[in-house]
Amino acid sequence: MLSEAGPRRYWLFRPVGVRFGEKLPLMVMLHGCHQDAKSFAASTRMNAVAARERFLVLYPEQPRLANAQGCWNWFETQSGRAYGEAAWIMRAIEQVSVLYAADRDRTAVAGLSAGASMAALLATRYPQRFKALVMHSGVPPGTAHSTVSAMGAMQGRRVPPVVAEPAEAWPPLMVIHGEADGVVSARNAGAAAQMWSQAAGAREGAPQAMQRGNRYPMTVTQFKRSRDVVATLVQVGRLGHAWSGGAARQRFSDANGPDASRMVWRFAEKQFGSRCEPAAAP
């Protein structure tokens, strides 16, 4: 698929047995730095969830010519580069929606690290196209505008801009972040949730501690406007800069954490059906 920056590609997972005329939900997954579509799919094992729950998974891929480390240039807003990449991802989404009959009313976007930051840019720039947004170990939108400011934002030394006008149209947000993340400061997780809360006029609920078996413990905090869950903050203890509950022996993947892929789908599924119900714990 061509873009202004040259040829780009994406990968699509489609479960078997799709019937003629059947429209499936679409999950857009954006990889982090030093990853590509294939490694991100292997790490998250989202395809296995999609096969069981019957939804499409789109993996746009950042070419090394656009960024030597394979990062999405989410921070290059002054030059407009970030918006160009966001526009290409949207064209990929539209193409898949047409060619593979994805349900336009059931589309969600999730990402890890730089992919999470690009996912947030997409959701705030094209809010009408997404029912749910999941940021895993990312930086809130508007926090950086260049490479230098991006480094400060990743270290938690910058705060997101104050939202001047209510942004009730933004899709509900889930933030997942490891408290032991040494690459992107966990302070960004709370900042993203607070940004969504402020934009929608929501209130912060009481944190709830959760743990399943021997997996890392997590604390879940919901931000609600009336009965609507605007943002869900998931802070995972002992997790570093890695996809929580991902495949073992994959880079940027920690099998000991709670299953983020299941959390992502459950959260998105709730938004596809009703915005009034909180996401279930994994």
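A pocket here is an open set of points on a 1 Å grid over the protein atoms alone, where a 1.4 Å probe fits, with protein on both sides within 12 Å along at least five of seven lines; lining residues have an atom within 4 Å of a point. Its volume is the space filled by probe spheres set on the points. This is a predicted model, in which local features need pLDDT of at least 70 and side-chain atom pairs count only at pLDDT 80 or more, while totals for linings use all residues. Residues are numbered from 1 along each chain.

Let us start with the largest pocket, which holds about 350 Å³ of space. Its lining has 23 residues, with Cys33, Gln69, Cys71, Ala114 and Met154 nearest the centre. Helix 5 (147–154) and helix 4 each give two or more residues to this lining, and helix 5 has the largest share, four residues. Helices are DSSP runs of H or I, at least four residues long.

Two of the residues nearest the pocket's centre, Cys33 and Cys71, are joined by a disulfide, S to S 2.0 Å; the term means a pair of cysteine sulfur atoms within 2.5 Å. The structure holds one such link. The pair connects distant parts of the chain, 38 residues apart. Cys71 counts as buried because its relative accessibility is 6%, where buried means under 20% relative accessible area with a 1.4 Å probe, protein chains only.

Finally, look at helix 4 (residues 114–125), where Ser117 is found. At 3% relative accessibility, Ser117 is buried as well. A polar atom of the Ser117 side chain lies 3.0 Å from the backbone nitrogen of Val139.

Key:
Side-chain values use heavy atoms; hydrogens and water are left out. Buried means under 20% relative accessible area, exposed over 50%, partly exposed in between (1.4 Å probe, protein chains only). A polar contact is a pair of N or O atoms within 3.5 Å; within protein, one must be able to donate a hydrogen and the other to accept it, and residues adjacent in sequence count only if both atoms are side-chain atoms.
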